[in-house]
Amino acid sequence: MHTEQWHDETLPLGDFVLDSGTTLRNAHLAYSVSGTLNSAGNNLVVLPTHYGGAMKANRAWAEGKRSPLSSGDYCLLIPALFGNGESSSPSNACAEQAGTAFPRTTLADNVRAQRQLIAARFNDAGPRLVVGWSMGGMQALQWGALYPERVRSLLAVCATARCYPHNALFLDGVKAALQADPALASGGFPQHGLRAFARVYAGWAYSQRFFRDGGYRALGFESMEALVAHWETDHLRANPHNLLAMLDTWQQGDIAAMPGFGEDTGAALASISAPTIAMPCRSDLYFTAEDAARDIAQIAQGECRIIESDFGHCAGGPGYEPASTRLVLQAMQDLLGGAA
């Protein structure tokens, strides 16, 4: 099984020029790989990480007999998002760019770095599939617009082509909760801010019905408060500046925010030529099904498959909710072709 064969590696990027014109000094891209690129170079599957997610989280999509990625037929590549603490981030950058001095990175910056990785370590293969959840799905769509001639298929789970206004407002709220802790500005550890960040975020991550009907019990929590306490504990392990750097990438995210599209999101979507499936969750409160459906309708070979779940945005997380995961794995199989 692929879960026993993962290897974590790092590609030095040197001084990497960002879309903003700023240079990210001594940059590096962390990645996890399983399997081997075949001689034809047509079995590469790229799984970009999501907000706050480490590389190992995406390995869940390659586990079990139901997954087409567990067959051993594919070379699986998980590149880590700038800011996640594994690739270049506020927590590991050189002294002059550490912490609050870390430069803004865009979705396109991340995808360009991933292309550089593939050119350097994977014989410049064209991905057979790029698949991601949340910010990972935003990167998948960015791949399709930035390198339309190279990508064979795309799967964006609980993601949209840009951060739409209400999504951005949600992010303003969690950011404000963290920044309200004076310890953040003074250079201390913002324990109270991180707890507040997690508590606000948890209220958005699932649907109203999830909480009303006790959906948290399916996750092993006896009460809503127990679930929220888990979120708080998890976020206390995070570097606050990493969270803010990734949040900024997300909040400013727009598939068209690169040369050639004049910030026309529709034109960028129309440039995607690969078969593309969008899988929003009906109850997602910020990457809404309505926004995702409108996006995918502008892609020539686009298809929208709505996930019917009360788990909200979390429904699409790798291996998070079994029924939704089965739907995502089926979409992967359909895009890859052939039996799992």
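Trainee: Which residue stands opposite Val46 in strand 4?

Mentor: Leu77 does. Before we go on, this is a predicted model, where local features need pLDDT of at least 70 and side-chain atom pairs count only at pLDDT 80 or more, while totals for chains, interfaces and linings use all residues. Residues are numbered from 1 along each chain as its sequence is written, and side-chain values use heavy atoms, leaving out hydrogens and water.

Trainee: What makes strand 3 and strand 4 a pair?

Mentor: Two strands pair if DSSP finds at least two bridges between them. Three bridges join strand 3 (residues 44-46) to strand 4 (residues 75-79), so by that rule they pair, and they run parallel. Strands here are DSSP runs of E with at least two residues, helices are runs of H or I with at least four, and both are numbered from the N terminus.

Trainee: In what order do the eight strands form the open sheet?

Mentor: The order is 1-2-4-3-5-6-7-8, with mixed pairing.

Trainee: Why do strand 1 and strand 8 stand at the edges?

Mentor: Strand 1 (7-17) and strand 8 (302-304) each have a single partner strand, so one side of each is left without a neighbour in the sheet.

Trainee: Why are helix 1 and helix 2 called roughly perpendicular?

Mentor: The axes of helix 1 (residues 107-121) and helix 2 (residues 135-146) cross at roughly 70° and come within 9 Å. Axes are lines fitted to C-alpha atoms, for helices over the stretch in contact, and angles run from 0 to 180 degrees between N-to-C directions. Angles of 65 to 115 degrees count as roughly perpendicular (under 35 is roughly parallel, over 145 roughly antiparallel, the rest oblique). Helix 1 and helix 2 are therefore roughly perpendicular to each other.

Trainee: Which residues of helix 2 meet helix 1?

Mentor: Met135, Met138, Gln139, Gln142, Trp143 and Leu146 in helix 2 do, and among their partners in helix 1 are Leu107, Val111 and Ile118.

Trainee: Is Met135 buried or exposed, and why?

Mentor: Buried means under 20% relative accessible area (exposed is over 50%, partly exposed in between, with a 1.4 Å probe and protein chains only). Met135 has a relative accessible area of 0%, so Met135 is buried.

Trainee: What is Met135 in contact with, leaving aside its neighbours within four places in sequence?

Mentor: Contact means heavy atoms within 4.5 Å. Met135 has such contacts with Thr49, His50, Tyr51, Leu81, Leu107, Met246, Thr249 and Trp250, those sequence neighbours aside. As for Ala161, its C-alpha atom and that of Met135 are separated by 9.8 Å, with the two 26 residues apart along the chain.
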